[in-house]
Amino acid sequence: MTDLEALRALMEADRWIERVAGQRRHLPESEELTRIEGELRTLAGDLRAAQDAQAPVRVAHANARDEGARLGARASDLAAKLSASGTPAGTLAALQKELEHVRELLSATEDRELELMMELEPLDEAVETVKAAAAPLVSRRAELVTLVSELQSSLDEELTALRRAREETARTVPAALLTRYDAALSRSGISGAAQLVSGRCDGCRIALAPLDIDRVKALAEGEFAPCPECGRLLLP
Ligand SMILES: [Zn+2]
């Protein structure tokens with residue numbers, strides 16, 4: 001294998017690693033997961049607001065219902081006493097008066113209970129609407145968490161294999177050249193060499209000046225010049 005072939009193989013190995021690493025960083029499933037988590041945070045806020053609006057009305061409605069039950073029991077009790085035989089006339093008049101008063105209170109309480117029930121309906125509905133909107137997102141989130149972790153571990157395995165193969169390839173490049181390659185790699189990222197394609201460095205996309213192109217082409221076999229822009233070793 002010539003130095004040029006070895007260098008090209010190393011460049012391709014590094015570019016492949018970068019492609020897979022990029023795929024791991026930008027999994028569409030991860031992006032969907034981030035979006036869903038954002039939506040769920042918004043819905044959690046909506047749910048708290050809906051529940052805060054619902055809670056006091058719910059308490060007031062329960063209180064009105066209990067009060068109605070208490071007054072209803074009291075009215076039955078008074079009605080029973082009124083119909084019992086042998087009650088003195090004076091007591092009967094007092095009982096009758098109290099019963100009328102209790103029935104007035106009961107009627108007002110029942111009106112209030114009804115009003116509160118009507119007020120509660122849309123508030124309950126608002127809470128249920130938020131819960132219904134969140135439910136499919138919660139199950140999709142669970143699916144995505146599993147999916148992302150599976151995809152990531154499969155890509156990690158692939159990256160481990162690619163890096164191992166890359167080290168094998170690196171061993172075929174002469175030491176001095178490998179040092180220059182690795183220096184360019186750590187400075188520019190992705191790969192330490194780039195291909196000259198139609199007068200452009202395909203690492204940074206810059207168009208080389210005609211003089212630079214001539215210089216690269218005039219180099220003896222096994223000699224490499226860096227791209228004037230990105231510093232990667234230019235492969236003819
Ligand atoms: Zn370049």
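I take a nonpolar core to be a set of buried Ala, Val, Leu, Ile, Met, Phe, Trp, Tyr and Cys residues joined through C-beta atoms within 7 Å. Buried means 20 or more other C-beta atoms within 10 Å of a residue's own; exposed means 12 or fewer, partly exposed is in between, and C-beta atoms are placed from the backbone.

The model is a predicted one: local features need pLDDT of at least 70, side-chain atom pairs count only at pLDDT 80 or more, and totals for chains, interfaces and linings use all residues. Residues are numbered from 1 along each chain as its sequence is written.

**Entry: domains**

I looked up the domain assignment of the protein chain. It gives domain 1 (3-170) and domain 2 (175-235); such bounds come from an automatic or database assignment. Their C-alpha centres lie 58 Å apart. I then listed contacts, meaning C-beta atoms, placed from the backbone, within 7 Å. Ten residues of domain 1 are in contact with ten residues of domain 2. On the domain 1 side, α1 gives the most, with nine residues. That side divides into five nonpolar, no polar and five charged residues. Here Ala, Val, Leu, Ile, Met, Phe, Trp, Tyr, Cys and Pro count as nonpolar, Asp, Glu, Lys and Arg as charged, and the others, Gly among them, as polar.

**Entry: core**

Which residues have the most contacts inside the largest nonpolar core? I found L7, L10, Y181, A193, A194, L233 and L234, in a core of 14 residues. The elements giving two or more residues to this core are α1 (3-25), α4 (175-188), β1 (193-197) and β3 (233-235). Elements are DSSP runs, numbered from the N terminus: helices are H or I, at least four residues, and strands are E, at least two. Domain 1 and domain 2 both give residues to this core, so it lies between them.

Leaving aside neighbours within four places in sequence, A194 is in contact with C201, D202, G203, C227, C230, R232, L234 and L235.

**Entry: helix α2**

Helix α2 (residues 28-83) has 56 residues. From first C-alpha to last it reaches 79 Å, close to the 82 Å expected at 1.5 Å a residue. The expected span is 1.5 Å times one less than the number of residues. I also noted a kink of about 25° at Q54, shortly before the proline P56. The bend is the angle between axes fitted to the seven residues ending there and the seven starting there.

**Entry: I190**

I190 is in the loop between α4 and β1. Is it buried or partly exposed? I190 counts as partly exposed, with 18 C-beta neighbours inside 10 Å. Beyond four places in sequence, I190 is in contact with D14, R15 and E18. The C-alpha atoms of I190 and A13 are 9.9 Å apart, although 177 residues separate them along the chain.

**Entry: positive phi**

Most residues other than glycine have a negative phi. I looked up two with a positive value. S198 has a phi of about 45°. S198 lies in the loop between β1 and β2 (200-201). It is exposed, with 7 other C-beta atoms within 10 Å. For R205, phi is near 70°. R205 sits in the loop between β2 and α5 (210-218). R205 is exposed too, with 11 other C-beta atoms within 10 Å.

**Entry: R215**

R215 is in helix α5. R215 is partly exposed, with 14 other C-beta atoms within 10 Å. Its C-alpha is 8.2 Å from that of A225, ten residues away in sequence.

Note on methods. Contact = placed C-beta atoms within 7 Å.
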